[in-house]
Structure formats: structure tokens, C-alpha cells
Amino acid sequence: MKFALVGCGRISKKHIDAIKELKDAELIALCDTDINKAESQAQYAGNIPFYSSYDEMLKAHEDIEIVNILTPSGYHAANVIDIVKKYKKYIVVEKPMALRLQDADEMIRICDENAVRLFVVKQNRYNLPVQKLRQAVEKQEFGRMVMGTVRVRWCRPQAYYDQDPWRGTWELDGGVLTNQASHHIDLLEWMLGEPMSVMAKTCTFLADIETEDTGAAIIKFRSGAIGIVEATTATRPKDLEGSLTVMGEKGTVVIGGFAVNKMETWNFIDVSEEENARVLKDYAETPPNVYGFGHQRYLEHVIDCIKNNKKALVDGLEGRKSIELINAIYESAETGREVFLHFNPRYSKLGYKEEDRL
Ligand SMILES: NC(=O)c1ccc[n+]([C@@H]2O[C@H](COP(=O)([O-])OP(=O)(O)OC[C@H]3O[C@@H](n4cnc5c(N)ncnc54)[C@H](O)[C@@H]3O)[C@@H](O)[C@H]2O)c1
């Protein structure tokens with residue numbers, strides 16, 4: 001399948017490397033409004049053609065089949081909608097798919113109307129320990145679910161936020177809950193199911209940004225289980241963990257490491273100690289950096305879905321779920337109240353310019 005990239009910033013190298021490794025894939029062009037970035041990534045990708053706009057690129061290469069949207073989060077919706085309406089290409093969009101719920105809905109609708117498939121990158125779902133945990137959830141091995149916890153304890157110094165003007169803004173990025181923890185919030189929902197309500201507090205401690213660098217939320221799931229989200233980019237002096245714990249009446253699983261990549265605890269009542277230990281050994285996996293290994297596995301899945309007409313693991317509707325929960329977290333932090341899902345955000349600032357906020 002022929003891929004093209006829109007946006008040649010920090011995450012683009014992951015996509016270039018992943019596509020290079022895939023049997024059935026080729027990266028044929030890329031673009032960035034900053035032509036210098038496009039040029040340097042085009043060289044890195046093996047001297048492929050590069051452009052300063054996606055219109056130019058998509059007109060020059062009609063054979064492009066899949067477009068990966070790697071622009072700042074607040075631009076995803078507009079970019080996807082425009083490209084799908086004009087060119088009807090398959091879309092892989094980086095997380096978070098959009099910031100405002102209505103934008104996510106519009107993306108889903110436009111893709112459906114144009115018979116285009118939309119894939120949202122949630123590469124951590126492909127981490128081996130996460131897949132193993134999901135199988136245990138599907139087989140109901142936990143019995144009654146009790147609690148799930150995600151922790152993002154990462155270090156993002158001011159220099160990280162200062163490198164691009166969109167970072168740490170309500171309009172284009174959101175804070176740690178939207179940017180860094182959206183993966184972990186997605187995993188929590190994937191394991192514990194539909195959330196019913198949320199209470200949250202957020203704060204900006206160490207970064208000079210509009211949005212939060214730290215947040216905590218308590219979620220009540222429809223199953224009755226309780227979820228805890230603890231997320232901060234104010235961990236110092238360096239990244240500590242990105243983890244997920246699931247506890248049920250019959251067992252406990254903890255996946256830790258920097259990027260939910262390392263099976264740290266696998267204990268089930270009805271399982272022998274040897275078997276528990278074997279799972280721990282087989283599913284220990286340590287990634288080279290916080291982004292993890294999953295982009296290649298994720299894009300492999302995208303190709304498989306398209307070629308074999310399979311259901312996507314994270315399509316638009318699935319990607320929308322964490323956007324709704326994140327907006328509910330912000331709504332609760334703004335109002336000091338428990339917010340029940342489903343709802344229409346009123347006080348969440350996510351995705352809005354200052355003059356357009358309530
Ligand atoms: N899956 C992950 O683990 C992961 C990790 C990092 C970033 N991301 C996501 O990837 C996205 C990009 O993040 P980043 O860190 O690479 O940002 P970045 O600022 O480094 O790169 C974004 C690039 O998009 C370009 N751009 C903006 N508008 C454009 C347009 N209309 N056409 C072409 N190019 C355009 C910018 O010039 C910039 O080079 C964000 O949504 C982020 O949340 C995901």
C-alpha cells in the first residue's frame with residue numbers, strides 16, 4: 001500500500017521507520033508547511049519527493065492510498081475532513097484524533113459519507129503485555145472488576161513546551177491528560193469498559209503553559225469498577241513510568257515500564273505460580289523510548305484491515321471514546337462537579353481559542 005505523510009515533526013520518524021519495516025508498504029511522498037522539515041525527513045526516508053502542502057502532494061501523486069496525519073492535534077479534524085472530501089484517501093490520524101467532540105463526530109461522518117476508512121493511532125494497544133492483558137479481560141479471567149489505575153509520570157521540561165507554539169495550548173494541544181495520557185486513558189477504557197461518571201482536579205505546577213501539567217481523575221465505570229488516572233509531565237528529573245494496573249476478584253495485573261511495555265505483575269488465583277511466572281517472563285518488553293514499539297504493529301493492522309476488509313481496532317468511534325472522557329475530565333475540573341457521560345461539554349476549554357470559550 002502506498003503511504004504519504006502530512007507533517008514531518010517529532011513523530012514522523014516513527015512512521016517512516018515503521019513503513020520501511022512493513023512488507024506491503026511504501027512511503028511515496030511527504031509534506032510539511034515547513035519545507036525544511038519536509039526536506040530533511042524526505043532525505044531520511046530515502047530521498048522521496050517532498051512538498052510544502054498536502055494539496056500539492058496529493059495532486060502530484062494520485063496513487064497515494066493512505067495518508068497519515070501527523071500535524072498538531074488541534075489541526076487533525078480540519079486536515080482529515082479536507083483531505084477526505086477532496087481526495088477520498090484512507091486516513092491514519094495520530095492521537096488524539098481531535099480535541100472537541102463535535103470535531104470527532106464530523107470526522108467520522110465525513111469519512112463514512114465518502115466511504116473512507118479512518119484509523120486512529122493507539123499503538124500502545126499493540127504492546128505485547130497489553131495484548132495479553134486484553135485477552136484475559138475478554139476471557140473474563142478477572143471475575144468482577146474492582147479497579148484500574150493508569151499512571152503517567154513523565155518529565156517534560158519547559159524546553160519541550162517551548163519548541164513549538166501549539167504545545168500546551170487549549171486550542172491545539174490540551175495538557176498532559178490530552179497529549180501524553182490519552183494513550184493510557186484509552187487503555188483504561190479498553191480494559192474496564194464504558195465510563196459512567198468522572199471527578200477530576202488539574203493543576204499547572206512546573207511548566208509555563210495554558211493547560212495542565214498535572215491531573216488526577218476518579219472514574220466510575222458502568223461495570224461498577226473504579227478507575228484512577230494520575231498524569232503529570234512534572235516528574236523530575238526524568239521519566240519514571242507509564243503504567244496500567246487492573247484488579248479484579250480473581251487477579252491483578254500490572255504493566256509498567258516507561259510506556260506500558262513491561263509486565264510487572266501477573267497474579268491470578270486459579271493459576272499456578274509457575275504459569276504466572278512464565279507470563280511475566282514471556283511478556284517482559286522494554287522499549288527504546290516512551291513512544292514504545294507499536295507503530296509498526298499498528299500500521300500492519302491498518303493494511304490488514306484494508307486488504308482483508310477487517311474491522312479496525314481503533315476506528316473513529318473507538319477513538320472518540322477517550323476524547324469524550326478527556327473532555328469530561330476537564331469539565332469536572334472546571335466545575336468542581338461529578339460529570340456524567342454521555343454529555344455535551346460546556347465548560348471544557350479543550351479545542352477552543354480564548355475568545356471562543358465560555
Ligand atoms: N502516538 C504517539 O505516541 C505520539 C507521539 C508523539 C506525537 N504524537 C501526535 O502526533 C502529532 C504531531 O506531534 P509532533 O510531536 O510530531 O508535532 P510537531 O510539532 O513536531 O510536528 C507537527 C508538524 O506538522 C506540520 N504541519 C502543521 N500543519 C501542517 C499542514 N497543514 N500540512 C503539513 N504539515 C503541517 C508542522 O510544521 C510540524 O512540522 C500530535 O497530534 C501528537 O499528539 C503521537
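Let's start at the ligand: the shell of residues around it splits into 10 nonpolar, 8 polar and 7 charged (Ala, Val, Leu, Ile, Met, Phe, Trp, Tyr, Cys and Pro count as nonpolar, Asp, Glu, Lys and Arg as charged, and the others, Gly among them, as polar). That shell holds 25 residues, and the closest are Gly7, Gly9, Arg10, Ile11 and Glu94; a residue is near the ligand if its C-beta atom, placed from the backbone, lies within 6 Å of it.

Keep in mind that this is a predicted model, where local features need pLDDT of at least 70, side-chain atom pairs count only at pLDDT 80 or more, and totals for chains, interfaces and linings use all residues. Residues are numbered from 1 along each chain as its sequence is written.

Zooming out, you'll find 11 helices and 14 strands in the protein (DSSP runs numbered from the N terminus, helices being H or I of at least four residues and strands E of at least two). The radius of gyration is 20 Å, close to the 21 Å from the globule rule for 358 residues, so the protein is as compact as a globular protein of that length. Here the radius is taken over C-alpha atoms, and the rule is 2.2 Å times the number of residues to the power 0.38.

Now have a look at strand β11 (residues 241-248). On one side of the pairing story, β11 runs antiparallel to β7 (residues 145-153), with 8 bridges; strands pair if DSSP finds at least two bridges between them. Met145 sits opposite Gly248 of β11. β11 also pairs with β12 (residues 251-256), again antiparallel, over 5 bridges. There, Met247 faces Thr252 of β12, and a hairpin of 2 residues links β11 to β12.
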